[in-house]
Amino acid sequence: MFTTERLILRPYVESDLDDILRLWNDPVVQPFVTNDNVTVLGPKFKETLRTQMERATFGAIIALKETGEFMGQGLVDVQPKNRDGTFGICLLPKFWNNGYGTEATKFMIDHSFKWFGLNRLSLGVFANNARAIAVYEKLGFVIEGRKRQAVWMDNRWEDSLTMGILRDEWEKQH
Ligand SMILES: CC(C)(COP(=O)(O)OP(=O)(O)OC[C@H]1O[C@@H](n2cnc3c(N)ncnc32)[C@H](O)[C@@H]1OP(=O)(O)O)[C@@H](O)C(=O)NCCC(=O)NCCS
């Protein structure tokens, strides 16, 4: 288990799957985290969530340090040969815009470079997700690619972006 100033990053336990399912069923959250149809996700989807958490190199439940309340999840999947990690994060909307996303992402970036020996960290984000892009750019990710009209969302096409930060760039920040 790890802690930052205001957060706990801990392993998931079986009972967290209900909270993660609630997170993924949030109509504001789900469109930003899936390439699949936006719909209601039943208990069977917990198997997908369990696999996602268990397969991740660093699959953490993000909780509020003060109360232990479930906030969301953070994931880093490492591809060892290329020393490349893929990052993802998702928080319940009630916690947005308080700097928590930045705090958790910063910890997971630092930890991944320091402990997994990564050369780069990558992520995918939809171009209309301005809040997430602001967090990633603030922490040193740059846009590396744009797949045009890749996502059908709310009756229109959105582009899908790939972003990355290299070890050299991360080291320069420290
Ligand atoms: C992305 C996410 C983790 C960010 O978490 P958060 O706690 O809201 O982030 P923070 O409060 O640390 O930072 C948000 C930043 O976005 C900025 N922001 C908010 N709304 C914005 C908008 N519409 N346009 C541009 N920037 C915006 C804020 O000003 C803040 O930047 P600042 O600290 O420089 O002022 C969270 O919104 C989330 O879980 N979203 C749903 C899932 C998701 O989109 N995951 C990422 C998929 S790639």
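Start by selecting strand 4, residues 70-79, together with strand 5 in this predicted model. The two strands run antiparallel, and eight bridges join them.

Next, look at the turn. Strand 4 and strand 5 form a hairpin, with four residues between them. Click on Arg-83 in that turn, and you have found a residue with a positive phi of about 50°.

To see a facing pair, select Asp-84, which stands opposite Arg-120 in strand 6.

Time to visit the ligand, which sits in the largest pocket. Several elements give two or more residues to the shell around the ligand: helix 2 (30-33), strand 5 (84-91), helix 4 (100-116), strand 6 (120-126) and helix 5 (130-138). So which of these gives the most? Colour helix 5, which contributes seven residues.

Show the whole shell and you will have 23 residues on screen, with Ile-89, Leu-91, Thr-102, Asn-129 and Lys-138 the closest. Colour them by class to find 14 nonpolar, seven polar and two charged residues.

Finally, zoom in on the oxygen atoms of the ligand. A polar side-chain atom of Thr-102 lies 2.5 Å from a ligand oxygen. On the backbone, a polar atom of Gly-99 is 2.8 Å from an oxygen of the ligand, and one of Asn-98 is 3.3 Å from a ligand oxygen. Taken alone, the ligand exposes 960 Å², and the protein buries 72% of that.

Notes:
Residues numbered from 1 in each chain as written. Predicted model: local features only at pLDDT ≥ 70, side-chain atom pairs only at ≥ 80, totals over all residues. Heavy atoms only, no water. Near = heavy atom within 4 Å. Polar contact = N/O pair within 3.5 Å; in protein donor to acceptor, adjacent residues only side chain to side chain. Areas by Shrake-Rupley, 256 points an atom, 1.4 Å probe, with all protein chains shown as cover. 1 Å grid on protein atoms, 1.4 Å probe; cavity = no way out; pocket = protein on both sides within 12 Å on 5 of 7 lines; lining within 4 Å. Sits in = over half its atoms within 2 Å of the grid points. Nonpolar A, V, L, I, M, F, W, Y, C, P; charged D, E, K, R; others polar. Pairing = 2+ DSSP bridges.
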